[in-house]
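Student: I would like to learn how to read a model feature by feature. Can we go through one together?

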Amino acid sequence: LIPVPGLPAVSLVRLQELLPDAFTIAFLAGVESLLSAVVADGMTGRRHRSNMELVAQGVANTVSGLFGGLPATGAIARTATSERAGAVSPVAGMLHAVLLLIFLLVAAPLVGYVPLASLAALLTVVAYNMSEHERFRHLLSAPRGDWLVLLVTFGLTVFTNLTLAIEVGVVLAALLFMDRMARVVEIGSGTRLMDEAADDLAPDPDRDQRLRLPPGVEAFQINGPLFFGVASRLDDVLDQFARAPRVFILRTRLVPMIDASGVHALNGLAERCERRGIHLILSGLQAQPRRVLEGMKFRPVPGRISFADDFSGALALARTLALDP
């Protein structure tokens, strides 16, 4: 039977015991739901609404707690399964919940006859499919700091507990980010880069890049480091154009640093460009971003992705690609 809703007993001591784990679970649940939504966006070509996703999850988990239920979150496995089965609306998720409720009320007694060894084998397969081992191996080719945070968090999750792993992982990621920002500032104070910046500020009759773009070519410039805090902004770049261009130039000359999440965002942008038949050109890559992209196997692909040393070279290549039937 379904439990009767009720408010739990709340005390200061109990709050002190539960708040650290509650924050960790809420953080992980939010990340998991948004990750599922991003995966669904990649499969459908649509854009999810992050605020609605998180608010709906918070309301659902609040009501679940009143019935003695466990926290729930969007799952990549079920999301991908629904999409592959032809789901086109949120009704698929609602029906999934209704069917689980029916199974729980009707078939729960029958589960007692299933051998535990069979359930263990099933859970092992499910855990393996959810482990994203390919993505794990790919992240090991990221810069040293990124994969160090990954391994430390992974090790603490396995050998201690998830709460400690998340706390240590967040602190390490913050320290790593501050270290990278310090290195970028130090490099940016060099004479050569300062001279280049001065040249960029000089009067230029062709300063407005949009006046130089041929038909069928669009350009976008990133100004600043491409890291986890801003990588998601690339998701909306192509939506700014009323008509999809044939060639899209992403100017990265002012990007001094990129991390694994930035590379992941570029991969997502390249996939969306490929689906729309757009040729992506990265221009003006600095040393650190070029080294990270090379290490994570983000390379030029004929007919899909090209690199250019500067905007002029990218513009010349774009003219050729735009005129190519």
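Student: Is K297 buried or exposed?

Tutor: This is a predicted model, so local features are read only where pLDDT is at least 70. K297 is exposed, because its relative accessible area is 53% and the cut-off for exposed is over 50%. K297 sits in the loop between α11 and β4.

Student: How many salt bridges does the count give?

Tutor: The cut-off is a side-chain nitrogen of Lys or Arg within 4 Å of a carboxyl oxygen of Asp or Glu. By that rule there are two salt bridges. One of them joins the side chains of E274 and R304, at 3.3 Å from N to O. E274 belongs to helix α10 (residues 260–275), and R304 to the loop between α11 (287–295) and β4 (305–308), so this pair ties together parts that are 30 residues apart in sequence.

Student: Which side chains meet in a salt bridge at 3.0 Å, N to O?

Tutor: Those of E294 and R299.

Student: How accessible are the partners?

Tutor: Take each pair in turn. E274 is partly exposed at 44% relative accessible area, and R304 is partly exposed at 27%. In the other pair, E294 counts as partly exposed at 43%. R299 is partly exposed too, at 36%.

Student: Where do I look for empty space?

Tutor: Rolling a probe the size of a water molecule over the atoms shows where empty space is left. In this model, the count gives one cavity of 30 Å³ or more. About 40 Å³ of space lies in the largest cavity.

Student: Which residues line the largest cavity?

Tutor: I222, L226, T252, V255, I258, L266, L285, P289 and L293. By type, that lining has eight nonpolar residues, one polar and no charged.

Student: How much space lies in the second largest pocket?

Tutor: A pocket is an open set of points, whereas from a cavity the probe cannot get out. The second largest pocket holds about 2500 Å³ of space. Its lining has 47 residues, and G74, G93, M94, H96 and A97 lie nearest the centre.

Student: Which helices each supply at least two residues of the lining of the second largest pocket?

Tutor: They are α1 (12–44), α2 (50–66), α3 (76–84) and α4. The largest share of this lining comes from α4, with eleven residues. Sorted by type, the lining of the second largest pocket has 24 nonpolar, 16 polar and seven charged residues.

Student: What makes the nonpolar surface patch of about 850 Å²?

Tutor: A patch takes residues with over 30% relative accessible area and no salt bridge. This patch is made by V98, L99, L100, L101, I102, F103, L104, L105 and V106. Take L101 as a check. L101 lies in helix α4 (residues 91–111). At 38% relative accessibility, L101 counts as partly exposed.

Student: Is G169 buried or exposed?

Tutor: The cut-off for buried is under 20% relative accessible area. G169 has 9%, so G169 is buried. This glycine lies in helix α8 (residues 162–188).

Student: How far apart are G169 and V149 in sequence and in space?

Tutor: G169 and V149 are 20 residues apart in sequence. In space, the C-alpha to C-alpha distance between G169 and V149 is 6.1 Å.

Terms used: Residues are numbered from 1 along each chain as its sequence is written. This is a predicted model: local features need pLDDT of at least 70, side-chain atom pairs count only at pLDDT 80 or more; totals for chains, interfaces and linings use all residues. Side-chain values use heavy atoms; hydrogens and water are left out. Patches are made of residues with over 30% relative accessible area and no salt bridge: like charges are joined within 9 Å, nonpolar side chains (Val, Leu, Ile, Met, Phe, Trp, Tyr) within 5 Å. Accessible areas come from the Shrake-Rupley method with a 1.4 Å probe; for residues, only the protein chains shown count as cover. Helices (H or I, at least four residues) and strands (E, at least two) are DSSP runs, numbered from the N terminus. Buried means under 20% relative accessible area, exposed over 50%, partly exposed in between (1.4 Å probe, protein chains only). On a 1 Å grid over the protein atoms alone, a cavity is a set of points where a 1.4 Å probe fits but cannot get out, and a pocket is an open set with protein on both sides within 12 Å along at least five of seven lines; lining residues have an atom within 4 Å of a point. Grid points are joined across faces, edges and corners, and a volume is the space filled by probe spheres set on the points. Ala, Val, Leu, Ile, Met, Phe, Trp, Tyr, Cys and Pro count as nonpolar, Asp, Glu, Lys and Arg as charged, and the others, Gly among them, as polar.
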